[in-house]
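Q: I'm new to this one, and I'd like to go through it bit by bit. Please keep it plain.

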Amino acid sequence: MNSVSDKKNDKVDMGESEGSEGANVIDVLRRFHYGEPVATANTIKPAGAVLPALLNPYRDASGIRYQYPLYLAPPDGTDQVTLAKPASEYLRDSLEALAPGDDNARILKDNLPWIDRYIRQKLEDPDPVDAPALFAEAAAALQDQLDLEQSSREKLAADLERLEATIAHGGTFLGYGPHASLHLMVHAIRHRHEHQREAFSQQINKHIHGLRSLLEVEKAKAAESNKAGDGKSAAGAASNYLDTGALSEMLGQRAHGSVDMPEERRERIAQALQALQAWQDDPVLVKFVGKLDDPSLTDLPVLEVVESSNPCTTSTEIFIQDAAEFARLFAAARIAALEINDHYDPAIHDSWFASFDWQAFSDEEMQLVTRVVALVSADYLACEGLPSFSRLLGSRLPVHVLTWVRAYDNPAVQPGEGPFDAYRFELAYFGVGHRQVVIAQSSAARHDDLLSGFLCALDSNRTSLHLINRGTQTKTKKPLLDAWFVASAALESRAHPFLLVNPDGGDHAAERIRFGGNPQADNDWPIETLEYRSADGETTKMDLAFTFADYALLIPALHENFRVVPVGFESPDLVTVDEYLKADENLVDRLVPFVWGIDEDDILTRLVVSRALVFACRDRLNYWHTLQELAGIQNFYVEEAIDRIIEEQQAAIDAEREQLKKEHEEQLESARSEAAGEAMGQLVDVLMGADLSGMLASGSQIASMPASAPAATQEPAESAPEAEAPAEVEEEDEDELSFDEPWLDTAMCTTCDDCMGVNKMMFAYNDDKQAIIKDPRAGTFADLVAAAEICPAKCIHPGKPLDPNEAGLDELIARAEPFN
């Protein structure tokens, strides 16, 4: 738990938040932020023991268990074995498999943490140690440590012996150190290549046996032929009566039954056999090119170190030389397979093998070539080594470039420049620009991510670039944190994000890129909770973003970019770095960014950050956003497409709603019209069926009747017999209203032009290019019938003849009837 202190400082006036003194404090801090020398001199740098607030719990790592040391399993001839696992996790899982349940091997399970601590302490020197031997030592120490009765001691000894048996011969424990990543790379190469070399050796032996058999058969043929050829001596005295030459030729043919092998083929087989027999399996599986002085690596039989001041160029030369030797071997193996199966065709294969080199290697053959790894500093790659580095990345040679990156620095910085004076040169992004290169940017603190990058590169047969942050601080005498935690902080703060680019994944960035090794990858910065004790003793929680500025506080050389805020001073202008980066541009000039730190006395304090460091934070955040987009996370184009689709869907929904509303209104209006029509029709029926003659005959009388006269004085009964007369009139009116004139359903017209071919004076097109009857009297009834018959839409209705004297009307009327 951390607390807030009230201790003073003697450089910045400790005035209250109110008034001129408080205004003076924030003004001085603001001027430091902008880089004013006077304000810089009059403010206090953080003490060397200050850590980012979120990392204070890890100040003492002696009691904290993390991924290292690792248990490295020896190669077993397959790709299924787990290459590396935290030793504590390996021992725990192995013991649980041997003794499942809480009660089994209880004493050993309770004391596994003690064994883990013992192994960790013995691995202060980070060189790999024989795992069975070290575990046996830890087991003996544990038994001496515990004062157990005889039965418990025997039980513990038996469980320890069973657990020790699970640790394979050749397995090692690896602690965390500067060269842990190299040990893991060599370990991965051994797992991938030892069994491949062994399988290839067996294949070579098989080819040698097959070629020898071919030559022995030919040799046997020649011997039999020679015996058969001595016909004269075999015939003895009878040779005077026989043609011994003909007899020898006949017996020779019967002896070997086939023609002799052509000399050219025999020579080709002999040369291939000689090449295969001359091959000796070199134990060296990998060559490191550069500078390396670690005996734990240089003494390994599978590793050869080639010193070079220009590792990229030298690595290229070494690979080409090695590949040329393997080309002769692979060509001989291929020729052997073709000859043994009698598939070699000189017309095809002679020219092929004449130009056979590494570019003709199959994927399996390329895997057998000795691996070449260029060990180069990031500073060299970004400056004077950049041309040779770029040529290597574009060469298609399966050479690996491995470099250690200082996450806080700019590898392209020039002499006299600070690490934040320019935008950072991102080597990973430079590699991505070469498109066909495997890029693995990872932290040595995450062994799984590190191994995944190594294995991806080893399996791909492509040029690869490995950018590794180790967290080591060679210029700091006594770092405040274990290097493993510093490397983890670089990953958390986006200073050195995890990135794995595999071009074999596909042509799309989202298919190529793995981004899952980053904590809270959807956020700008990881958000963690800090629990601390306030000045009044209450426990308080605060969510903090872990930014690049927090990480920079781990580097003593960067402490010039921080100044202590006086304890107790408050101002609305003080904001955390992550809030500052999100602030409106109009407010930025007033704000002063800070990070939270905790010193060795557990005092929580605020540290104002320089503008140069804030620029670096913004630069790292910008690069982080670039990587997010490449990985398909918060991609601007994807989000824009989603917004567009949502808008289109909303517009479609609104349009559909308006259409439904319009249709509903039309239906209502139609219903109203229909109802009104029915009412009017009923009224007409009533009126048409009534006897209005009396009313018409006595209209003048009705008009002159007094208004008060009752309607009941009328006598309608006498007019009832005359009610049938209007019905006859209605029938006559219906006959007069029948549709006998020709008409055209224009909306159905398909603009086929057929009617225009019949009579262009009668038919015409409207503005919508659909037919109408322009003048029905501009042609004959026969024209109308003919047009109706050929119309594909059946939209022409001839009606009845307008000219009763037109010839052949009876037949025309019959033809027109289906269309009316």
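**Strand S19 and its partners**

Q: How many bridges join S19 to strand S20?
A: Five bridges join S19 to S20 (residues 603–609), and the two run antiparallel. Strands here are DSSP runs (E, at least two residues) and helices are DSSP runs too (H or I, at least four), numbered from the N terminus. Two strands pair if DSSP finds at least two bridges between them.

Q: Before we go on, what sort of model is this?
A: It's a predicted model: local features need pLDDT of at least 70 and side-chain atom pairs count only at pLDDT 80 or more, while totals for chains, interfaces and linings use all residues. Residues are numbered from 1 along each chain as its sequence is written, and side-chain values use heavy atoms, with hydrogens and water left out.

Q: Back to that pair, then. Which residue stands opposite glycine 597?
A: Threonine 605 in S20 does.

Q: What's in the turn of that hairpin?
A: Four residues lie between the strands, and aspartate 602 there takes a positive phi near 65°. Aspartate 602 isn't a glycine, yet its phi is positive. Aspartate 602 is partly exposed, with a relative accessible area of 28%. By the cut-offs used, buried means under 20% relative accessible area, exposed means over 50%, and partly exposed is in between (1.4 Å probe, protein chains only).

Q: Is S19 itself buried or exposed?
A: Buried: seven of the seven residues of S19 (residues 592–598) are, so the strand is largely enclosed by the rest of the structure. Both faces are covered, with Val592, Phe594, Trp596 and Ile598 buried on one side and Pro593, Val595 and Gly597 buried on the other.

Q: Why that every-other-one pattern?
A: Because side chains in a regular strand alternate between the two faces of the sheet.

Q: Which other strands pair with S19?
A: S2 (residues 51–52) pairs with S19 in the antiparallel sense over two bridges, with leucine 51 opposite isoleucine 598. S18 (residues 574–576) pairs with S19 in the parallel sense over three bridges.

Q: New topic: what's the strand order in the open sheet of four strands?
A: The order is S4-S3-S6-S5, with antiparallel pairing. S4 (84–86) and S5 (129–130) stand at the edges with a single partner strand each, so one side of each has no neighbour in the sheet. Three bridges join S3 (residues 70–72) to S4, and tyrosine 71 faces lysine 85 across that pair.

Q: Which helix lies across those strands?
A: Helix H3 (residues 87–98) lies across S3, S4 and S6 (172–174), running at about 90° to S4. Axes are lines fitted to C-alpha atoms, for helices over the stretch in contact, and angles run from 0 to 180 degrees between N-to-C directions. Contact means heavy atoms within 4.5 Å.

Q: What's going on between tyrosine 68 and proline 69?
A: A cis peptide bond joins them, with omega about 0°. Proline 69 sits in the loop between S2 and S3.

Q: And arginine 396, where is that?
A: Arginine 396 is in the loop between helix H16 (386–393) and strand S10 (400–404). Its phi is positive, about 70°, although it is not a glycine. Arginine 396 is exposed, at 54% relative accessible area.

Q: Okay, serine 452: what does it contact?
A: Leaving aside neighbours within four places in sequence, serine 452 is in contact with Phe498, Leu500 and Arg514. Serine 452 lies in helix H18 (residues 447–460) and counts as buried at 17% relative accessibility.

Q: Which residues are buried in helix H30?
A: In H30 (residues 781–790), Phe781, Asp783, Leu784, Val785, Ala787 and Ala788 are buried. Their cover includes helix H29 (754–758), strands S22 (763–765), S23 (771–773) and S24 (796–797), and helix H31 (809–816).

Q: Last one: how many helices and strands does the protein chain have?
A: The protein chain has 31 helices and 24 strands. Of its 820 residues, 44% count as buried. Among contacts between residues at least 6 apart in sequence, 71% join residues at least 24 apart.
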